[in-house]
Amino acid sequence: MPAADPSTLWSRYQHLLSPEKTVLRLKALIGGPTTKTLFAAAMAATTTRAPDGKAWSLKALNPLLDDLKAKKL
């Protein structure tokens, strides 16, 4: 599978909402594979809130992860 064009990825990133950008930034900082439970705990440790205004949880995180995957990010 060919790598995505960096300008295309950047364009997709620029059009994301703040919570989606936060998820991608944290995933980049972690670097390696991690479980969703551990990643949700890491998101909860940030000073940000989930889109519903509550602390991050798997319930809030799963739709964002699915959306990012659909956008090939």
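Q: Why does Pro51 count as exposed in this structure?
A: The relative accessibility of Pro51 is 54%, and exposed means over 50% relative accessible area, whereas buried means under 20% and partly exposed lies in between (1.4 Å probe, protein chains only), so Pro51 counts as exposed. This is a predicted model, in which local features need pLDDT of at least 70, side-chain atom pairs count only at pLDDT 80 or more, and totals for chains, interfaces and linings use all residues. Residues are numbered from 1 along each chain as its sequence is written, and side-chain values use heavy atoms, with hydrogens and water left out.

Q: Where does Pro51 lie, and which residues does Pro51 touch?
A: Pro51 is part of the loop between α3 and α4, where helices are DSSP runs (H or I, at least four residues; strands are E, at least two) numbered from the N terminus. Setting aside residues up to four places away in sequence, Pro51 touches Pro19, Trp56 and Leu64, a contact being heavy atoms within 4.5 Å. Along the chain Pro51 and Tyr13 are 38 residues apart, and their C-alpha atoms are separated by 17 Å.

Q: What does Arg49 touch, and where is its place?
A: Arg49 has its place in the loop between α3 and α4, and, not counting residues up to four places away in sequence, Arg49 touches Lys54, Ala55 and Trp56. From Arg49 to His15 there are 34 residues in sequence and 19 Å in space, C-alpha to C-alpha.

Q: Which residues of the largest nonpolar core touch the most other members?
A: They are Val23, Phe39, Met43, Trp56 and Leu61, out of 15 residues in this core. A nonpolar core is a set of buried Ala, Val, Leu, Ile, Met, Phe, Trp, Tyr and Cys residues joined through side-chain atoms within 4.5 Å. Helices α2 (18-30), α3 (36-44) and α4 (58-70) each supply at least two residues of this core, and the largest share, five residues, comes from α4. As for Phe39, this residue touches Val23, Leu26, Lys27, Ile30, Thr34, Leu61 and Leu65, with residues up to four places away in sequence not counted.

Q: Why is the pair of Trp10 and Tyr13 called stacked?
A: A search of the whole structure finds one aromatic pair. The ring centres of Trp10 and Tyr13 are 5.4 Å apart and the planes are at 25°, while rings of Phe, Tyr and Trp (its six-membered ring) pair if their centres lie within 6.5 Å, with planes under 30 degrees apart counted as stacked, over 60 as edge-to-face and the rest as tilted, so the pair is stacked. Both Trp10 and Tyr13 lie in helix α1 (residues 6-14), three residues apart, about one turn of the helix.

Q: How do you know whether Tyr13 is buried or exposed?
A: Because its relative accessibility is 16% and buried means under 20%, Tyr13 counts as buried.

Q: What makes Lys72 exposed, and what is its phi?
A: Lys72 has 64% relative accessibility, which is over 50%, and so Lys72 counts as exposed. Lys72 is found in the segment after α4, and Lys72 has a positive phi of about 60° although this residue is not a glycine.
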